[in-house]
Amino acid sequence: AHWDRFFSHTSVETPDPEVNIFMNYWTAYQAKVAFDVGRVTSFYYWGIGRGFGFRDTAQDTIAVTIAHPELALERIKLLARQMQSDGKVYHHFHGDGQGEFTKHCDDPLWFILAVSEYIKETGEWELLDHIEPFIGGEKGSILDHLLSVVTYAENNRGKHGLPVFGRGDWNDTLDYIGGDDGGESVWGGMFYAAMLNNLISLLEYLGKDAANVIRVRNLFHQSVEQHCWDGEWYIRAFGVKDKQIGSKQNEAGKIFLNTQSWAVIAGLPDKDKLISAMDSVNKHLDTDFGPKICAPAYREIDPNIGLITRCVWGKKENGAIFNHPAAWLIQAECMLGRGNKAYEYYRKLLPNRVDSDTFVAEPYVYSQYITSDEHSQPGRTSHSWQTGTAAWMFRINFDYILGIRPHYSGLLIDPVIPTHWKSFKAQRIFRGTRYDIEVLNPEAVES
């Protein structure tokens, strides 16, 4: 009965039976399991060593906002208590007052995602007035916590106006990009812009002054456009002595996935560059198993880049098919209106592999990564169950491929589907009402 209630909040009926199986059952189930366990303990991670990760916990909330908004709300309040009034947050925490500060540049901005998606889903604007303490005892509303993130974003900028990389951004293995100086994250600049866009939309819907947030967002747009275009794609970072990472001038790691997809998600203004960047992903990163996180893989240790160069080539962040950022690639293709390409990537990454002796992990749940064609045994997977992939794949499929996603003013319906889908149906409970939706595609268009 518990699981029947959980699954009853959404359902899909598409021309692809495997999409239906994963969207109606397995992907939603895995996302909820990852939320419950918190990605703190498994065969791969020792919960006693890491505790909750701030960015993981924030992202996990999107897995349950539809069916269990009360659980998402509980986590949002927990996250708020792990923040300082200057916007800095614990990277890992075990409970209130028990955490560690690191120099990862992305953590605070994920709080905007958690809050904005919760309010879009529930319409509970009163959350913004809810009071929670900052680390150190000072108290502030959830809106105060959100605005502290804007302060953090503006203050954490380097020579090129981009976020100081520190000991990592979303990619923890790029942990020594700038040596002691920390380098700068190009992806971070795009990510900051995307999250600040969410906050701008929230403030503008409320009729509040968003001018300062727009100003800070524009700083990152301008810095990325001025310094980070490599001719066909966006670079990944600036390292020691301004060395460019993720550039065609590099022997390894010429192109990274995240700075192409997030250029689109961040709403960068040059459409021609966005198309070129995404086409470069297809040309240089795509494989039979899915798109690689970067290529070519590193074959030598580089202490001025970090742990990624110590991973076996074709595994983990060193050139594997990393499922979590692959989900963001699907979202970006949908945002460009390219339904065929979005569906191709989504379908290719489904875990139901017939070659399970090679795949190794359970063929019904996403894993963290799949070894790529640069590995001696391509197609092998590891770190199943506890990955943010399931939550993102579920939401991106529902929100962007089927195109049924929450907005502050209601439920937006904007499908981006493959041309061979002549129709699909979906059900979704939104703010207490069940919507029965049927989309017809007689002219075989993508969006």
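1. A disulfide is counted here when two cysteine sulfur atoms lie within 2.5 Å. In general, a disulfide is a covalent bond between the sulfur atoms of two cysteines. The sulfur of Cys-228 is 13 Å from the closest cysteine sulfur, that of Cys-105, which is too far for a bond. For Cys-311 the closest cysteine sulfur belongs to Cys-294, and at 9.6 Å that pair is also too far for a bond. A search of the whole structure finds 0 disulfides.

2. A word on the source: this is a predicted model, in which local features need pLDDT of at least 70 and side-chain atom pairs count only at pLDDT 80 or more, while totals for chains, interfaces and linings use all residues. Residues are numbered from 1 along each chain as its sequence is written, and side-chain values use heavy atoms, with hydrogens and water left out.

3. Are these cysteines buried or exposed? Buried means under 20% relative accessible area, exposed means over 50%, and partly exposed is in between (1.4 Å probe, protein chains only). Cys-228 has 0% relative accessibility and counts as buried. Cys-311, at 14%, counts as buried too.

4. Next, the core. A nonpolar core is a set of buried Ala, Val, Leu, Ile, Met, Phe, Trp, Tyr and Cys residues joined through side-chain atoms within 4.5 Å. The largest one has 141 residues, and those with the most contacts inside it are Phe-111 and Tyr-346. Helix H8 (residues 186-206) gives the largest share of this core, 13 residues. Helices (H or I, at least four residues) and strands (E, at least two) are DSSP runs, numbered from the N terminus.

5. Which residues does Tyr-346 touch? Contact means heavy atoms within 4.5 Å. Not counting residues up to four places away in sequence, Tyr-346 touches Val-19, Phe-22, Met-23, Ile-330, Tyr-366, Met-393, Asn-397 and Ile-401. Leu-349 lies in helix H13 (residues 339-349) and is buried, with a relative accessible area of 2%. With the sequence limit again at four places, the residues that Leu-349 touches include Ile-330, Tyr-366 and Met-393, which are also on the list for Tyr-346. Leu-349 and Leu-146 are 203 residues apart in sequence and 34 Å apart in space, C-alpha to C-alpha.

6. H8 packs against helix H9 (residues 211-227) at an angle of about 155°, with the axes 9 Å apart. Axes are lines fitted to C-alpha atoms, for helices over the stretch in contact, and angles run from 0 to 180 degrees between N-to-C directions. Angles under 35 degrees count as roughly parallel, over 145 as roughly antiparallel, 65 to 115 as roughly perpendicular and the rest as oblique. H8 and H9 are therefore roughly antiparallel to each other. Their crossing is left-handed, a term used if the near helix is turned anticlockwise from the far one by less than a right angle (right-handed if clockwise). Among the residues that meet are Tyr-192, Leu-196 and Leu-199 in H8 and Val-213, Val-216 and Phe-220 in H9.

7. Helix H7 (residues 142-155) also meets H8: their axes come within 11 Å and cross at roughly 145°. On the H7 side the contact is made by Leu-143, Leu-146, Leu-147, Val-150, Tyr-152 and Ala-153, and on the H8 side by Tyr-192, Leu-196, Leu-199 and Leu-203. H7 packs with H9 as well, at about 30° and with axes 10 Å apart. That contact involves Val-150, Ala-153 and Glu-154 of H7, and residues of H9 including Val-213, Val-216 and Phe-220. The H7 and H8 crossing is left-handed, and the H7 and H9 crossing is left-handed.

8. Helix H15 (residues 389-401) is mostly covered, with 13 of its 13 residues buried. Asp-399 is in this helix, is buried at 7% relative accessible area, and touches Ile-404, Arg-405 and Pro-406, again leaving out residues up to four places away in sequence. Gly-403, which follows H15, has a positive phi near 75°.

9. Some backbone details deserve a check. Most residues other than glycine have a negative phi, and most peptide bonds are trans. Val-360 has a positive phi near 75°; it lies in the loop between helix H14 (356-359) and strand S15 (367-370) and is partly exposed at 49%. His-383, in strand S16 (residues 381-384), has a positive phi of about 60° and counts as buried at 14%. A cis peptide bond joins Ala-295 and Pro-296, with omega about -15°.
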